[in-house]
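These notebook entries record what I looked up in one structure. I set down each term with its cut-offs where I first needed it.

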Amino acid sequence: MELMAKPFLVDSERISGLSGLLVRSHYDNNYLGALARLNTIRKKLEESRWESTPAFLLIGAKREELLAANSVFLHEAYFEVLGGDGAVPAGGLSVALERDFGSVDQWRAEFTSLARAMSGGSGWAILAWSSREARLVNHWAGDHTQLLAGASTLLALDMYEHAYHMDFGAKAAAYIDAFMAEIQWDVIASRYARAIDEASLGLGIQASEAVAEGAIALLDVRRRPVFSLSGERIAGSEWQDPAQATEWMRNFDNSGSVVVYCVHGREVSQGIALALNARGIPARYLVGGIEAWREAGLAMAPLAPGLS
């Protein structure tokens, strides 16, 4: 089946910091070129007699297919985030960045340093969610065959010279700054939410089921400002800062089942449940979060003095 191009939905002339000429050249020549190459390779492979094709030709063709496919997919990830204001919104993704890198600023410093290290060379700087480790990671891809296995690409910064030389010459650092200022973080947050949602299949538990099980540890992982302003929690639950999960998980000791909850039962609690499971602690997340618990008329308690 022929793969169709994804349209570039942002007016290339309205992207501050990157010229329309550069963006259109990058899209038309490098993205569409990789797509045309992929479709040609796949057509040739469909016409091949696999049982009689020499091994070296078959391996070479499949390698070229992988190179072209990953070039297409990474370029799509690149272009889909252009046209924003570079500000990371508060929510599940910002919590995960703080949890896994110490802060959003520390993540940004690591990511841009990785990109600058490729100046004058080629490759991609990638922010991905690793399903194996249940965490965000920055990783290098020297060519299009070096993606992290089992990971979902959230942000891809093209550091091949075709992505910036027309505007910036050898000044790769200026290009990186311009790109970072143009990111639509809502797009990345949506990618993260989809990855977390898919990975969390089967980990959700309804409020009524949690009550019926009885002997479970309830863990409140609402973001600190949300928790502080709420004035109440689920009766019997303990609050832990989701942004500091890497720290408190080191000493987290629980012999039974753990149910974590946030406000609505989405990325924050799903991400913590996945991280706990990755560390060998059986955990589930409360479907619908504290809102579902409250709507079911189940026991609530005021925050203890000093917790807010």
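**Entry 1: conventions.** I took helices (H or I, at least four residues) and strands (E, at least two) as DSSP runs, numbered from the N terminus. The model is predicted, and local features need pLDDT of at least 70, side-chain atom pairs count only at pLDDT 80 or more, and totals for chains, interfaces and linings use all residues. Residues are numbered from 1 along each chain as its sequence is written, and side-chain values use heavy atoms, with hydrogens and water left out.

**Entry 2: Asn39.** I located Asn39 in helix α1 (residues 20-47). Buried means under 20% relative accessible area, exposed over 50%, and partly exposed in between (1.4 Å probe, protein chains only). For contacts I used heavy atoms within 4.5 Å. Setting aside residues up to four places away in sequence, Asn39 touches Glu2 and Leu3. A polar atom of the Asn39 side chain lies 2.9 Å from the backbone nitrogen of Leu3.

**Entry 3: aromatic pairs.** I counted rings of Phe, Tyr and Trp (its six-membered ring) as a pair if their centres lie within 6.5 Å; planes under 30 degrees apart count as stacked, over 60 as edge-to-face and the rest as tilted. The search of the whole structure found 13 aromatic pairs. One of them, Tyr78 with Phe179, is stacked, at 5.2 Å centre to centre and 15° between the planes. Why does this pair tie together parts that are 101 residues apart in sequence? Tyr78 belongs to helix α2 (residues 55-80) and Phe179 to helix α6 (residues 172-180), so the pair joins them across that separation. Tyr78 is buried at 1% relative accessibility, and Phe179 is buried at 0%. I also noted Trp248 and Phe252, an edge-to-face pair at 5.7 Å centre to centre, with 65° between the planes. Trp248 is buried at 11%, and Phe252 is buried at 18%. Finally, ring pairs link Phe8, Tyr27, Tyr31, Tyr78, Phe79 and Phe179 into a cluster.

Entry 4: I found Ala172, Tyr175, Ile176, Ala178, Phe179 and Met180 buried in α6. The elements that cover these buried residues include α2, α4 (104-116), β3 (151-158) and α5 (165-168).

**Entry 5: packing of α3.** Two packed helices are described by the angle between their axes and the distance between the axes. I used axes that are lines fitted to C-alpha atoms, for helices over the stretch in contact, with angles from 0 to 180 degrees between N-to-C directions. The axes of helix α3 (residues 92-101) and helix α7 (residues 185-199) come within 9 Å and cross at roughly 80°. Angles under 35 degrees count as roughly parallel, over 145 as roughly antiparallel, 65 to 115 as roughly perpendicular and the rest as oblique. Helix α3 is therefore roughly perpendicular to α7. The residues in this contact include Leu93 and Leu97 of α3 and Trp185 and Tyr192 of α7.

I then turned to α3 and α4, which pack at about 70° with their axes 8 Å apart. These two helices are therefore roughly perpendicular to each other. Ser94, Leu97 and Phe101 of α3 meet Val104, Gln106, Trp107 and Glu110 of α4.

**Entry 6: Leu114.** I found Leu114 in helix α4, partly exposed at 21% relative accessible area. Leaving aside neighbours within four places in sequence, Leu114 is in contact with Ala125, Asn138, His139 and Trp140.

Technical notes. A polar contact is a pair of N or O atoms within 3.5 Å; within protein, one must be able to donate a hydrogen and the other to accept it, and residues adjacent in sequence count only if both atoms are side-chain atoms.
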